[in-house]
Amino acid sequence: MPRRSVLFFAFAFAVIADPVSSVAYAIEAALRALHGDLALLLPTMTLVVGLVVVVTANYWQLVRRFPKGGGAAAAAGRAFGPRWTFVPIGALVVDFVLTIGISIAAAASAVIALFPELAAYRIPLALLLLLVVAGLTWFGHGGRLLFAVMTVLFVLVCVAVLVRGFVSPHAIGESPAATDPGRSAALAVVLAFPVAMALATGVEAPSTAIAQLGQLDDTHRRRFGRGTLALLLVIVGGLTLALTALAVRLHIGIPGEDSTQIADIAQAAAGSGWLYGAFQLTSSLLLLAAASSSFQAGPGLLKALAGTGDRPGVLPAALGRTNRYHTPYWSVVVYLAAAAVIIVAAAGEEQELVLFYAVAVFVSFLVGLLAMTRFAHTERKTALAWANGIAAAAVAFTLAVNLLRGRPVLSLLATLLVAGAFYLRWVRAGRPSGIEDVEAAAEAD
């Protein structure tokens, strides 16, 4: 039992590093979309957390149905046929690149908020952090327990900042509680909350990562997956709403050029002493852990698609070549290059990338929900089919509002191009069977 508890700790807190790290930029993204209207920030983030609950409920079902892993790809393949597997796969490839880019950029912003003199070197700093994280990936999955520790440290320090901020804040900001949104408050919230849905990225991770738990039977994998989803929801939802409420209470609005809102919240709550420094340090390390997690999962997916052992390959064999730590190094190079391009294109600003972030993964969410709706309908579970259908409509609406902003369409196009390219290679390879299980195979490897 103690060994299993340690395993759950390492698994759960490492897997949720990505969604927990999203707290560092999602709240600020919503406030910017609201044009600084603090009065509407809490309703907006409450709506965001509500939709995260909806998405999490779907993955709760996926874990039950696919205890060996596979997530939305497995669901899509079995519900609609193997060709539909490539839509969530394409979405995940794009999502991994964006997770790396935005996490690295946000980590650089956290460092700059602590050391403003580094602001002139934002892009070189971000690229240096990117190279460091990619380099550490060379040594494989050995850092999973370290990622779990980083997540726990951030949560503990964040709670300390929240307690200080609500009980005895160091300072009160000067941002007005409300501004004129130029439209109805309800419409402003509806248009703003999809931008902050970056908070939902990483929710799919437990449903695929359980494939790593080969030492457990299906029952215990389900418990680990569902336990991780529940923990994710409590921590991410709790920290998000608490930090949002503190921002409103302390009048912390849109930050200056060389800071972030979450840094301003921490500084107003605790001053510029050791607690503020610890907050910035743990948040930057957590963001690097999230980037590292995607640096492992993304290349692992390409490796699985390249084929290993008795599995036929869809991608070039070079992408599946590994070092002695089982790291597919050419696949790592692919993600390194792609992430570097988007970091430079966004000038190292994570808020520029947030606009694109929630698109690709919401395509995967939508396909997964439609698949679960199909399963429920086939099994004559009418109430569940309606619930999943309504959830799918909510996800589709969120995706549509994000796409109406214009530039996020690039994320959708990238997703469809990657999915289409993988599908064509699959057809040329003779449509090898088992493609539905590629996500589970990637994690198990």
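The legends below describe close-up views of a predicted model.

Local features need pLDDT of at least 70, side-chain atom pairs count only at pLDDT 80 or more, and totals for chains, interfaces and linings use all residues. Residues are numbered from 1 along each chain as its sequence is written, and side-chain values use heavy atoms, with hydrogens and water left out.

**View 1. Thr244 in helix α11.** Thr244 lies in α11, which spans residues 218–249. Helices here are DSSP runs of H or I with at least four residues, numbered from the N terminus. Thr244 is buried, at a relative accessible area of 0%. Buried means under 20% relative accessible area, exposed over 50%, and partly exposed in between, with a 1.4 Å probe and protein chains only. The Thr244 side chain reaches the backbone oxygen of Thr240 at 2.7 Å. Such a polar contact is a pair of N or O atoms within 3.5 Å; within protein, one must be able to donate a hydrogen and the other to accept it, and residues adjacent in sequence count only if both atoms are side-chain atoms. Not counting residues up to four places away in sequence, Thr244 touches Ile27, Leu41, Leu42 and Met45. Contact means heavy atoms within 4.5 Å.

**View 2. Gln261 in helix α12.** Gln261 is found in α12. Gln261 counts as buried, with 1% relative accessibility. Its side chain reaches the backbone oxygen of Ile252 at 3.2 Å. Beyond neighbours within four places in sequence, Gln261 is in contact with Ile27, Glu28, Leu31, Leu41, Ala247, Ile252, Gly253 and Pro255.

**View 3. Packing of α11 and α12.** Two packed helices are described by the angle between their axes and the distance between the axes. Helix α12 covers residues 261–270 and packs with α11 at an angle of about 65°, with the axes 10 Å apart. That makes α11 roughly perpendicular to α12. Axes are lines fitted to C-alpha atoms, for helices over the stretch in contact, and angles run from 0 to 180 degrees between N-to-C directions. Angles under 35 degrees count as roughly parallel, over 145 as roughly antiparallel, 65 to 115 as roughly perpendicular and the rest as oblique. The α11–α12 crossing is left-handed. A crossing is left-handed if the near helix is turned anticlockwise from the far one by less than a right angle, and right-handed if clockwise. Leu243, Leu246 and Ala247 in α11 meet Gln261, Ile262, Ile265 and Ala269 in α12. This contact of α11 with α12 has six nonpolar residues, one polar and no charged. Ala, Val, Leu, Ile, Met, Phe, Trp, Tyr, Cys and Pro count as nonpolar, Asp, Glu, Lys and Arg as charged, and the others, Gly among them, as polar.

**View 4. Packing of α4 and α15.** Helix α4 (residues 41–65) and helix α15 (residues 350–378) pack at about 55°, with their axes 10 Å apart. The two helices are therefore oblique to each other. Their crossing is left-handed. On the α4 side, the contact residues are Leu51, Val55, Asn58, Tyr59, Gln61, Leu62 and Arg65. They meet Phe362, Ser364, Phe365, Gly368, Leu369, Met372 and Phe375 of α15. By class, the α4–α15 contact has nine nonpolar, four polar and one charged residues.

**View 5. Packing of α13 and α14.** Helix α13 (residues 274–306) packs with helix α14 (residues 329–345) at an angle of about 125°, with axes 8 Å apart. The pair is therefore oblique. The crossing of α13 past α14 is right-handed. Phe295, Gly298, Pro299, Leu302 and Lys303 of α13 make the contact with Ser331, Val332, Val334, Tyr335 and Leu336 of α14. Seven nonpolar, two polar and one charged residues take part in the contact of α13 with α14.

**View 6. Thr85 between α5 and α6.** Thr85 sits in the loop between α5 (71–80) and α6 (86–114). At 0% relative accessibility, Thr85 is buried. Thr85 and Ala75 are 10 residues apart in sequence and 8.0 Å apart in space, C-alpha to C-alpha. Leaving aside neighbours within four places in sequence, Thr85 contacts Ala73, Ala76, Gly77, Ile435 and Glu436.

View 7. Most residues other than glycine have a negative phi. His35 has a positive phi, near 60°. His35 is in the loop between α3 (23–33) and α4, and counts as exposed at 54% relative accessibility. Ala347 also has a positive phi, near 55°. Ala347 is in the loop between α14 and α15, and is partly exposed, with a relative accessible area of 36%.
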